[in-house]
Amino acid sequence: MNDDNAAVRVIEDLRATALAGRAGERMPSVRDLMARHRASPATVQQAIQRVAAEGLVEVRPGRGSYVAPHTPATSQDLSWQAVALGEGRPGEELVANLVAVPKPEAIPLSSGYLDPDLQPTDALGAALSRAARRPASWGRVPVEGKEELRAWFAKEAGGELRAGDMTVCAGAQEALATVFRGLGDRGDAVLVESPTYLGAIAAARDAGLKVVPVPADQDGVRPDLLQAAFERTGAKVFYCQPLHANPHGAVLSDERRSEVMRIIRGMGAFLVEDDWARGFTIDGTAPPTLASQDSDGHVVYVRSLTKVAAPGLRVAVIGARGPAGTRLKNTRSRQDLYVAGPLQEAAIDFVTSPVWRRHLRTLQQSLRARRDSLARTLHEHLPEFEIARSSGGLHLWATLPDGVDDLELTTAAAARDVVVFPGRPWFAAEPPGSFLRLTYGGAPEHVLAEGVRRLAEAVTAVRR
């Protein structure tokens, strides 16, 4: 937290100096800022880059930084755009909020990505450097992706999937957009667990599909309600997260796995398996994929490396057999021709080296310690929160006590520089209560503890 506090002080100092100064005046030197705020050179340089990105400071290489010219505000009438753009796309602002980069001084109690300390950035940097030196990396890449990478994903998925059934995408969000556009027509119904990943809800609605929620509990989706939803809607697609479902952490039980697959086969439907949390199991052993138990091509498999490695490794895959696989590959090619060759080569280098398994072992140990620490701190400071059990993933799902609204609490927490995410957007229809998604993978234990203490203050403020 000391580095974070120093960064905030330097940024505030630079902003105040730039706003008070005249264009072209020299800003304090790096050495002056280091001495004034007891900050490291890296912290000061990052602060200067941050304020320069805001347009307040102009960096002149080799000469220092200067107050940027102040651009006078102009009155512009952009109201015509509301008419030209028409009705907004539902959910787009929620996804943007979900992936927004928090302020440096904010404590991330909700994040979809690993704390930088948990990311294998040295290994990824080395892999990318080696990939960049291979001339073949910069050439044309097959639309479906490099065969070695597709073969690795197919082996990980298990079952009947082969390299030829895989299509590489630039992250899971693009993969989901491809799946929903490829498998459905506008106006079709798509079934989803409730609650479920809000990015999937947004992608399905953006494809023109009608999203129909099916209630889930700690054993996963309820098969009886899934059967009823298929019969009522005539849907042909069910989106499912069988392993550590985001946001609530449920794992589809063995008994329900067979029931769900029986229903999917009986309805002649597709099950989209979002295997986002593969590698995040911290208690026990992760069950095999549903794709590995599918002999007739009903399961469309989606997996990404981004969550389990680093945000910049935008590499994911869709696995589908038969005409469905061909259609999804063609859909993918219409959106974006292919994922950059150097990135695919780096991914191959990383996941096929011994460092990959070492990373997973270290990551699981760290996540277990952070999950347990966050749960203990919540029990100490917010005992009225009901926390769902979690055997893996990145999140704890908290049911809020009566009288505490999730949106109001999110706003009150933000006023205390704590980032939490309300439960409401994770439901495709009306939520049955108030919830928060709290993440233990985005910050160290002592930072999480401070965040919970501030969150408790926010709860008190909301109840007044």
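I begin with the terms for accessibility: buried means under 20% relative accessible area, exposed means over 50%, and partly exposed is what falls in between, with a 1.4 Å probe and protein chains only. I also note that helices (H or I, at least four residues) and strands (E, at least two) are DSSP runs, numbered from the N terminus.

The model I am reading is predicted, so I keep in mind that local features need pLDDT of at least 70 and side-chain atom pairs count only at pLDDT 80 or more, while totals for chains, interfaces and linings use all residues. Residues are numbered from 1 along each chain as its sequence is written, and side-chain values use heavy atoms, with hydrogens and water left out.

**Entry 1: helix H11**

For contact I use heavy atoms within 4.5 Å. I then checked the length: H11 has 14 residues and reaches 20 Å from its first C-alpha to its last, close to the 20 Å expected at 1.5 Å a residue, where the expected span is 1.5 Å times one less than the number of residues. Just after H11, I noted that Gly 268 takes a positive phi of about 60°.

His 248 sits in the loop between strand E8 (237–240) and helix H11 (254–267). Is His 248 buried or exposed? With a relative accessible area of 5%, His 248 is buried. Setting aside neighbours within four places in sequence, I find His 248 in contact with Pro 195, Ala 216, Asp 217, Gln 218, Ala 388, Arg 389 and Trp 397.

Helix H12 covers residues 322–335, and its 14 residues should span 20 Å at 1.5 Å a residue; I find its end C-alpha atoms 21 Å apart, which agrees. Ala 324, Gly 325, Leu 328, Thr 331 and Arg 332 are buried in H12. Viewed down the axis of H12, the buried residues fall within an arc of 130°, so they line one face of the helix. On the other side of H12, Pro 323, Arg 327 and Arg 334 are exposed. Among the elements that cover the buried residues of H12 are strand E4 (166–169), helix H8 (172–183) and strand E9 (270–274).

I next followed H8 against H12: their axes come within 9 Å and cross at roughly 120°, the axes being lines fitted to C-alpha atoms, for helices over the stretch in contact, with angles from 0 to 180 degrees between N-to-C directions. That makes H8 oblique to H12, since angles under 35 degrees count as roughly parallel, over 145 as roughly antiparallel, 65 to 115 as roughly perpendicular and the rest as oblique. On the H8 side the residues that meet H12 include Glu 174, Ala 177 and Leu 183, and on the H12 side they include Arg 327, Leu 328 and Gln 335.

How many of the 11 residues of H13 are buried? I find that 10 of the 11 are, so H13 is largely enclosed by the rest of the structure. What covers the buried residues of H13 includes helix H6 (121–132), H7, E4 and helix H14 (354–381). Helix H7 (residues 147–157) and helix H13 (residues 341–351) pack at an angle of about 45°, with their axes 9 Å apart, and that makes H7 oblique to H13. The contact is made by Glu 148, Leu 149 and Trp 152 of H7 and by Gln 344, Ala 347, Ile 348 and Val 351 of H13.

Within H13 I also looked up Glu 345, which counts as buried at 15% relative accessibility. Leaving aside neighbours within four places in sequence, Glu 345 is in contact with Ala 131, Arg 134, Ser 137 and Lys 146.

Methods:
Arc of directions from axis to C-beta.
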